[in-house]
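Please read these notes with the sequence and the structure open side by side.

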Amino acid sequence: MLVKRLFCSYAKALNRLQRAPSASKHTSSDYNDVAPFECRSLVRNFSIDANHPPDDGQKPVTTVSLYHMKKIIKASGTVLGESVEGPTCIQTVCPVCHVVPGDAEGKPISDAIRRKIFVNKTTGNFTCSSCQYLGRWDHIEKFFPPTSRTPKTVQELRKLRDAFLELKGEHVSTVCPIPGDAIAVDTVERAREVIKFLSLENIIPDTLVSVKARWNEDKRELFIPLVDVEDRAIGYKTLHVGSDGEVFERTVPETNASGLVYLRCNPSNPVAKAKDLSQHNAILVLNVLDLLALGSVKLNATAVCLPHGLKALPQQCLPGLERFQRLTLWFNYDTAGWDTARNYAKKLDERRCLFVRPTDQHPTPYRALLEGTLEPKAILSKAQPILHQSITTFRSLRQDVLSDLQNIDKVQGVKWKRYPTLNKLLKGHRKGELTVLTGPTGCGKTTFMSDYSLDLAQQGVSTLWGSFEIRNTRLAVTLLRQMVGRPLDENLSEFEQWADAFERLPIYFMTFHGQQPIKIVMEAIEHAQYVHDIQHVIIDNLQFMMGVLDESKHLDRYWKQDAIIAAFRTFATKRNCHVTLVIHPRKERDTDELTTSSIFGGAKASQEADNVLIIQDKRLTSVRGKKYLQVAKNRYSGDLGIMPLDFDKASLSYAQRKKKPDGDDGGSNEGPAGSEPIDRTVRRAF
């Protein structure tokens, strides 16, 4: 019966892969039933059905039971050995790479061939330490050896294992080695020369030697390797000086890097006890300059540089931080760094995380080293736990208030480049808020929202689009045309250039279409927010999420809508993520202006929303009528007003191009977005 159930599940998964346009073309005819083992780490689509899990190697957060995973791993302990549960992952022996069903059962495994996998306790995704393969829990669950197996089951599992290993070999993580023309910085004299050229003041040369840096004298670039949990170099960071004398940093690979940069700080008392402390305490920073600065300070800790700074923390990096019992997050002293620290702490287990509060009195390590007014060690001594009690006092909030006042521009949020009027009214796009957009049918709500979100995505705001009315292909065409500023069907020779630029934008799409239950949609959104660090979720539109389950037929339609709005309000606040809901208005006379009371459903939408935007279209009732966006509710600053919407058909954009006296093109015609892969984290550090 077990084998029968296995093959039934594989047959269903194979049918899904064959329906997908990007299904694998390498599946052998002898093993068609194991096609679901193929994993693509960069796929951005989500399943439209709970019974059809996504094919991107990852499942929604709430579909994996931690108790179930621990039970299966513990039952296989007699064969695989004892497993270790860490803060974020469960570490055990890979039951596929080094265990043959039937042969290894009951036999001890030598340490020489012991290879670990790290199973994420939140998503269930596993990372194999020997090949850095990222897969789903349901792909590997059946290979854990139970107490007994029939000979027939063992034979079938061997066939499945062979097919798994074949497909696994085709989808291992890409290793990006440092260019061969770079020479090792293995002496203090050479390190001094590099430091002098890069003008890295107060950096000790020994730190470059410790991180195994390499130097390209012709290109004047410094390479620092990113190492995985097995201490293998799988990528690198580069430092080079720009024409203005500023130091720039870049990460290779640009996304989903699984490596970190480690640097053991010099202990103030080099004894055995101090050395042990450095293996349990880590200080997380966002760029290499801060890492090197900490190497110049006498600390009993290990400095760790994250691969992508404020952009994202891939879950493949979590195994490399498992051995640390305490993590101190020392990020940029602005609101973006503050928000990122809180989001990362949830991934890293808040119970072991401390943070350095972002104020002018607590600058980043490299800046503190340059200014010399405060010792980095003294700043670290003031680090406080991430977790707070349910009741707090102003004394605990005092530094937060000071940080907001000192960084008032950052607190106001990300500014729009295409809509300066919105900056005056809303002050910016802030995390943790709920925005409601409404307007008459056919007034261009989706077109405006795509232009609105593209502006933010080009500034690094990770965006998840949930379009239930139109296909993702059509939505992507609109977004691409708005980025280019002209029709690409007339300039197909430029498609590859602009498509590459658009692909680098942090925009993800859900594959839902038509009516969907709120539970399935929220699972996909929570998964995306955890894995891809989503900052902006767009739902277009809310009426398509009213649900199609049998029990929903007996519920009041207004009650269901209120429940959905409450779910998004809770998600926005809890996950510190901005949610924009597109809601159709009630059917009213064309001559009447829409108000907050015109939003379909009860009053909960307008009550829960932090911002209410209404597209008023007077062209339907007046010859000289205009279309404009009305800010009807603004909880942050209270400023209300209107913004004219002048539609440009060539670019499908409402961008306010007229208000650019200084020649600033607002980011709409600057060339391919993301064409410069340089990480600006270092720039912000100054």
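This is a predicted model: local features need pLDDT of at least 70, side-chain atom pairs count only at pLDDT 80 or more; totals for chains, interfaces and linings use all residues.

1. Asparagine 541 lies in the loop between β20 (536-540) and α20 (557-575), where helices (H or I, at least four residues) and strands (E, at least two) are DSSP runs numbered from the N terminus.

2. Residues are numbered from 1 along each chain as its sequence is written, and side-chain values use heavy atoms, with hydrogens and water left out.

3. Helix α6 (residues 188-198) has Ala191, Val194, Ile195 and Leu198 as buried residues, buried meaning under 20% relative accessible area, exposed over 50%, and partly exposed in between (1.4 Å probe, protein chains only). Seen down the axis of α6, its buried residues fall within an arc of 100°, so they line one face of the helix; the arc is that of the directions from the helix axis to the C-beta atoms. On the other side of α6, Glu189, Glu193 and Lys196 are exposed. Serine 199 lies in the loop between α6 and α7 (205-210) and has a positive phi of about 55°, although it is not a glycine.

4. Glu189 and Glu193 also belong to a negative surface patch, together with Asp181, Glu217 and Asp218. Such patches are made of residues with over 30% relative accessible area and no salt bridge, like charges being joined within 9 Å and nonpolar side chains (Val, Leu, Ile, Met, Phe, Trp, Tyr) within 5 Å. Glutamate 217 is found in the loop between β7 (214-216) and β8 (221-227), and at 48% relative accessibility it counts as partly exposed.

5. How many salt bridges does the count come to? The count comes to 19 salt bridges, each being a side-chain nitrogen of Lys or Arg within 4 Å of a carboxyl oxygen of Asp or Glu. Aspartate 228 and arginine 232 form one of them, their closest N and O atoms being 3.0 Å apart; aspartate 228 is buried at 3% relative accessibility, whereas arginine 232 is partly exposed at 32%. Arginine 486 forms a salt bridge with glutamate 494, with 2.4 Å between the closest N and O atoms, and Lys70, Glu85 and Lys121 are linked in a network of salt bridges.

6. Lysine 427 deserves a separate look. The side chains of lysine 427 and aspartate 639 meet in a salt bridge (3.4 Å, N to O). This pair links distant parts of the chain, 212 residues apart, with aspartate 639 in the loop between β23 (627-634) and β24 (641-644) and lysine 427 in the loop between α15 (420-426) and β17 (434-438). Aspartate 639 is partly exposed at 29% relative accessibility, and lysine 427 is partly exposed at 21%. Lysine 427 has a positive phi of about 75°, although it is not a glycine.

7. Leucine 405 lies in helix α13 (residues 394-406) and is exposed, with a relative accessible area of 61%.

Key: Accessible areas come from the Shrake-Rupley method with a 1.4 Å probe; for residues, only the protein chains shown count as cover. Lys and Arg count as positive and Asp and Glu as negative; His and the chain ends are not counted. The place of a charge is taken as NZ of Lys, CZ of Arg, CG of Asp or CD of Glu.
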